[in-house]
Amino acid sequence: MVSTMSNPASDIFDAWWGWPPPVLDPAGPYADSVVVLAWALIGMGVVVTGIVVAALYVAIKGPERWRARLGGEKAVWIGGIAFPGVVLTGLLVWGLTLTASLTEPVPEDAMRVRVTGYMWWFGVEYLDEDGDVVMRDANELHVPVGRPVVVELFSEDVIHSFWVPNLSGKEDMIPGRTNELVIQADSPGRYGGVCAEYCGGPHALMGFVAVAHEPADWNAWLAGRRTARPVAADQDVPGEVPAILPAVEQTGGTNLAGRQLFMDSGCAACHRVEGTEANGLVGPDLSHVGSRLTLGAGILPNNRGTMIGWIGNSQAIKPGNRMPSYDMLSAEELEAIAIWLEQQR
Amino acid sequence: MSSRPLDKTRDAMEGRTSETGFDHELYRLFPTHRPRPEGEVEELERIWDNPKGWGLLTVVNNNYIGFFYVATAFLFFLLAGILALGMRVQLAAPLQDFLPQETYNQFFTMHGTVMMFLFAVPMVEAIGIMLLPQMLAARDLPFPRLSAYAFWAYFVGGLCFFASIFVGLAPDGGWFMYPPLTSIAYSPEINTDFWLLGIGFIEISAIAGAIEIIVGVLRTRAPGMTLDRMPMFAWAMLVFAVMIVIAFPSVILGTLLLELERAFNWPFFDPTRGGDPLLWQHLFWFFGHPEVYIIFLPAAGLMSMMVATIARTELVGYRLNVLALVATGFISFGVWAHHMFATGMPRVSTGYFSAASMAVSLPAGIQVFCWIATLAAGKIRWSTPALFVVGSIVIFVMGGLTGVMVGMVPFDWQAHDTYFIVAHLHYVLLGGMVFPMFAAFYYWVGMTSTNALSERLGKWVFWLMFTGLHVTFLPMHLTGFMGMPRRVYTYLPDRGLDLLNLISTIGAFIIAAGVVVFLVDLARSFRFTTSDDAGNIYGGGTLEWLPTGMYSTRSIPLVKSREPLWDDPNICDDVAAGRYFLPNSATGLRETIITSPINAEPQYLQLMPGPSPWPVSAAVFTAAFFLALTVQAYAFSAFSGVVAVGCVLRWLWETDRPIKQDTADIGGGIVVPIAITGPSSHGWWALNTLIVVMGMIVFMGIFSYLYLYGINPSFWIAPPPLLQTGGIAALLLLALGSVWLSRRILASKPEKTFPGQGPWLMGAIGAALLCAAIWWDWTGWTAAGLEPDASGQGATVFALLSFQTCVVAVAVIMALYLGYRSGKGLLVAPASVTLDVVVRFIGYAALQGLAIALVVRLFPGA
């Protein structure tokens, strides 16, 4: 089970859930203003509950004079109509203004990513200015600090919902539709995200991580992914030799054995690894899996042990997920694959 | 006196003018003074006596059916509660294996579905069926056999549906079953079909109950009980029933469409063929949000009545309260999309729905302050119901406030689909419905049990449930803020969620302990009875506390105020001594007085059907029909369907018979007709209510058609030629004409028996024309190249045509039935309700066909 494999000290968890509650702990402008509203609403809730309880107390145990005042239609007009009318109108105006400001046209310099919901993981594609895919990844979204990011939300199967509470509210991923959500992180860090719309089976175990870098670090991170192998090999002009060969090709040894096992065991039917013949699109893109923080869509820290565990017994870790447990492979074989995948950064 | 209609209505309501021409001076005759003849009570007892033993299955009287209904609904409350405990055990710690994933997903789906559809709606309806006749001092509700049918269909269907969890076939898509998760591609097993089946039963029984309650509240009130003097629960049930009639068609259509998509691959919700998953969400929530008020309003009505008794004073703000009930009903139809703020709706729409969601909390505020003001105006007398009433006000207000919070769009984007919502909805439903229900159990138990329930144990029940509720659900607000989505079968450790979830689990068991104490109390004290009941334990002032037997009250009182028992100390004795209306059986049969809708002036005497094996048989075979359909035993399904229709016809066969006398003396020498037709008859009201239901289904179907066109018009093909449309319209207009002629013949022959076959023949011709029209309409579209599985247009058009085909099939069966009755000489003027109903139904079917044909053929056009 996951509990035995996860490492409480693992750095992916320090910025995930827990305390302070991420809904009330904003890390960017699209979550910020909502938090002010949330505290105001919580305050209103407490105060109004207090008023009603006090009114009940007066009605039941209060002095005769007070009860006489409370015991008529006038009290209903004041307490049941005028008071909530004023409070609600005020809240409504605030809410509408805030909604308007949160849905303002997206800034020109916004970065664009496309996140696609699958049962039960997230596909992530980084887009350039023309909307072409720069890089494919899964279950992890890296963004530069201080820059708005437009997340285009799709679904390939059922309805999912994209939610990183520190960065913004949630928005559904609906088959046949494109929704757009703007997020922005103002400080570097790792922010947990989940699918918030019930999507069957192991919906409970469908998470991801949003990682915010300083702009320079983000560029470096992206460059790190891009230097590993040519971008979108399948879109290259036919016949042209890729400028940079995949790092794995140059290493040999166990790694090549791991690569061979990966291809021979059927992994390639579902997974894509850029620059190799593995071109499956059913499961998460593994071109950069070695650099990812988590496995199994945000549920395990990523290290060799968890990778071996996941390949060998994913059905025990995340029951019902679409990847069969490769328990027919030996420990050595699993390790070989894990090592090779580790190198896909 | 003003001549404006509104003023007229008001004058009538306040008793200044007569609504029907009934002379109010006659009310002065009551209470009468002449001694009543001996033996009248014995005769009433004989007439209203119930079969015993297995014969109980044939019972139709509301005392029994209402009790069965309440008991069954409570059973489902317990069952769904056990599911909740299982879920809480699973979530007590992270990554537990108590319930495997599939089982958990079925548990939470069943918990929500059973609580909403098999407990809450049936429970409030059941309480209505049980209490309303007594509260209105009617002998029974106007369609006792319909109640019996609705109950048995619900009982058999509900239990079979629930049993699916024991064989692992229970639905697992969440209680609102969003496609495409529930479409055949992602839910290929029959689990989802079981959900549609279960909902099908509750749709049948809810609609049947709503018709019963609308007609019952508007037409069977005791004389003198103007709308302005009606008990608040009756007002609440009236609004409840009207809301069911408007809201349920939407989910009826939704479930039909989903089943059509699953069974025949018609792409209503498939975006690759011009469907849209959001169509389901609109249809579901157009029903689903009013549903919350459908559950809450009757409970609020119970609250209003109990508060008055507890405080020993009339409800403060009676009219404001009525206004609040009606306003809630209206506004609740404008808030459905607040469940969809996160779907990427346009900003303008979210603004509108946010405003409406704020607005709907105003009427709730009015009711809450009416209750508080009433408690202040009187002097509270503490008792178990009082504890539950006060507790429920606190809980409901807390749930309402979190409701206001999630009504704010930006906040909802965070809170939506998290445990914050789980907390919110449980506060609202427990405070708004479950606590008032427990209060009502303690308060009204004296009507059906020889003993009252224990005040001492009742206090334990309350404090355990009240404490448990906060321990369970208060922390969930925070778990939501901490990022825990709802509907998760487990959660990961190291995320700070362990402790809060453990607390919630402990709280759930505290609630359960409260319920167990209640069951102990029931076992110790509750003994069902219809005659020597414990009576008016808490000193209520409304008519249900009059001395009653199976026949309800001995005589039906004249109502002069809102709390007659408080205002007239002699009323109980006078009623029991037969000094009011209908102190006996005027015809030697079961009967009740039908009064006018606003002013409750006596209009005529309705004869009521007695015990019959046919409603229960029809219900069992209806259940068999749907169950067999679900497990794909088509032959048995068809057989059961035919038998079910046969049973319904058989039960109708013995009703609407010629009787020896035309009029009856209903006391004080007031003579009214027995059984009439036309706009004053209760059958006319019931049929028109049903017509509204069918009209709403078609309306929602047309909405679906236009909605899908708006989403993806590229899939649309040109309609069949205009000339054909004209032809179909002409056929349908001819059908309408034949119906009109048949009614003319009916009106022009006041004799006892119709000469010849004129009226039914005209009806039959109408039905034949309907068949021709639907055949032409259907083949016309096929010839135009439209295929139901090819596009959203095909799917919606053929869905509408299928519905029309079903309605026409019913019309044909009715016409044949009418013909057979005519042949047997059973169409008797002037009171043939059967003829009246059948021709009206055929006329409606023609109009419905016309609407469908014209809209989908003319818009959006070629």
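How many bridges join S5(A) to S8(A), and in which sense do the two strands run? Five bridges join S5(A) to S8(A), and the two run antiparallel.

## Basis of the model

This is a predicted model, in which local features need pLDDT of at least 70, side-chain atom pairs count only at pLDDT 80 or more, and totals for chains, interfaces and linings use all residues. Residues are numbered from 1 along each chain as its sequence is written, while chains are lettered from A and ligands numbered from 1 in the order in which they are written.

## The sheet of chain A

S5(A) and S8(A) belong to an open sheet of five strands in chain A, with the order S3-S2-S1-S5-S8 and mixed pairing. Strands, like helices, are DSSP runs numbered from the N terminus (E, at least two residues, for strands; H or I, at least four residues, for helices). Two strands count as paired if DSSP finds at least two bridges between them. Strand S3 (133-138) and strand S8 (179-183) of chain A are at the edges with a single partner strand each, so one side of each has no neighbour in the sheet. From one strand to the next the twist averages 25°, with axes fitted as lines to C-alpha atoms and angles running from 0 to 180 degrees between N-to-C directions.

Strand S1 (residues 111-118) of chain A pairs with strand S2 (residues 121-127) of chain A in the antiparallel sense over seven bridges. Within this pairing, Glu125(A) in S2(A) is the bridge partner of Arg114(A). S1(A) also pairs with S5(A), in the parallel sense and over seven bridges; here Gly117(A) stands opposite Ser155(A) in S5(A). In S8(A), Ile183(A) is the bridge partner of Val149(A).

In a regular strand the side chains alternate between the two faces of the sheet. Strand S5 (residues 149-155) of chain A has a covered face made of Val149(A), Val151(A), Leu153(A) and Ser155(A). The uncovered face of S5(A) holds Val150(A), Glu152(A) and Phe154(A).

## Chain B overall

Chain B contains 25 helices and six strands. Its radius of gyration, taken over C-alpha atoms, is 27 Å, close to the 29 Å that the globule rule (2.2 Å times the number of residues to the power 0.38) gives for 862 residues, so chain B is as compact as a globular protein of that length. Along the principal axes, the C-alpha atoms of chain B fill a box of roughly 85 × 75 × 55 Å.

Of the 862 residues of chain B, 61% count as buried. A residue is buried if 20 or more other C-beta atoms, placed from the backbone, lie within 10 Å of its own, exposed if 12 or fewer do, and partly exposed in between. Two residues are in contact if their C-beta atoms, placed from the backbone, lie within 7 Å. Among contacts in chain B between residues at least 6 apart in sequence, 82% join residues at least 24 apart.

## Domains of chain B

Chain B is divided into domain 1 (54-338 + 357-525) and domain 2 (682-858), with bounds from an automatic or database domain assignment. The centres of the two domains, taken over C-alpha atoms, are separated by 36 Å.

In the contact between them, 28 residues of domain 1 of chain B meet 26 residues of domain 2 of chain B. On the domain 1 side, helix H6 (191-219), helix H7 (232-264) and H8 of chain B give two or more residues each. H7(B) has the largest share of that side, nine residues. The residues of the domain 1 side divide into 20 nonpolar, five polar and three charged. Ala, Val, Leu, Ile, Met, Phe, Trp, Tyr, Cys and Pro count as nonpolar, Asp, Glu, Lys and Arg as charged, and the others, Gly among them, as polar.

## Local features of chain B

Strand S3 (residues 591-595) of chain B and S4(B) pair in the antiparallel sense over five bridges, with Thr595(B) opposite Pro602(B) in S4(B). The two strands form a hairpin with six residues between them, and Ala600(B) in the turn has a positive phi of about 55°. In strand S4 (residues 602-607) of chain B, five of the six residues are buried.

Ala126(B) lies in helix H4 (residues 101-136) of chain B. Ala126(B) is buried, with 25 other C-beta atoms within 10 Å. Leaving aside neighbours within four places in sequence, Ala126(B) is in contact with Gly66(B), Tyr69(B), Val70(B) and Ala73(B).

## Contact between the chains

The contact takes 78 residues from chain A and 71 residues from chain B. Among the elements of chain B that each supply at least two residues are helix H8 (277-311) and helix H15 (455-481). H11(B) gives the most to this side, with 12 residues. The chain B side divides into 48 nonpolar, 17 polar and six charged residues.
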